[in-house]
Amino acid sequence: MKAQCILCDTVNDLEDDSLKAKRLRNRQVNMYLCPECYERITNKTKERYATGNFRLYSDNSRKKKDLI
């Protein structure tokens, strides 16, 4: 199966039997990232997290604010 990275538009071949290929076929909302882009995003996220300014907001906190 051929998959195109959403960031750099490179086309990679995935094995048809792999889990990633199955997810892309069955759930078309999933996006494919090439290994280079995936690694770059992972490293940048870890760097931002290390600064202490990175926060993950959950949907629960939004629901609590809406109720108040």
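User: In which helix does K22 lie?

Analyst: This is a predicted model, in which local features need pLDDT of at least 70, side-chain atom pairs count only at pLDDT 80 or more, and totals for chains, interfaces and linings use all residues. Residues are numbered from 1 along each chain as its sequence is written, and side-chain values use heavy atoms, with hydrogens and water left out. Helices (H or I, at least four residues) and strands (E, at least two) are DSSP runs numbered from the N terminus. On that basis K22 belongs to residues 19-26, helix α1.

User: Is K22 buried or exposed, or partly exposed?

Analyst: Buried means under 20% relative accessible area, exposed over 50%, and partly exposed in between (1.4 Å probe, protein chains only). The relative accessible area of K22 is 48%. K22 is therefore partly exposed.

User: How many residues of α2 are buried, and which residue follows the helix?

Analyst: Helix α2 is hardly covered, since its count of buried residues among 17 is one. The residue that follows α2 has a positive phi, near 95°, and is G52.

User: Where does L7 lie, and what is its relative accessibility?

Analyst: L7 is placed in the loop between β1 (2-4) and β2 (11-13). D9 lies in the loop between β1 and β2 as well, and has a positive phi near 60° although it is a residue other than glycine. L7 counts as partly exposed because its relative accessibility is 45%.

User: In what order do the elements of the protein run?

Analyst: The protein has three helices and two strands. Buried residues make up 13% of its 68 residues. From the N terminus on, the order of the elements is β-β-α-α-α.
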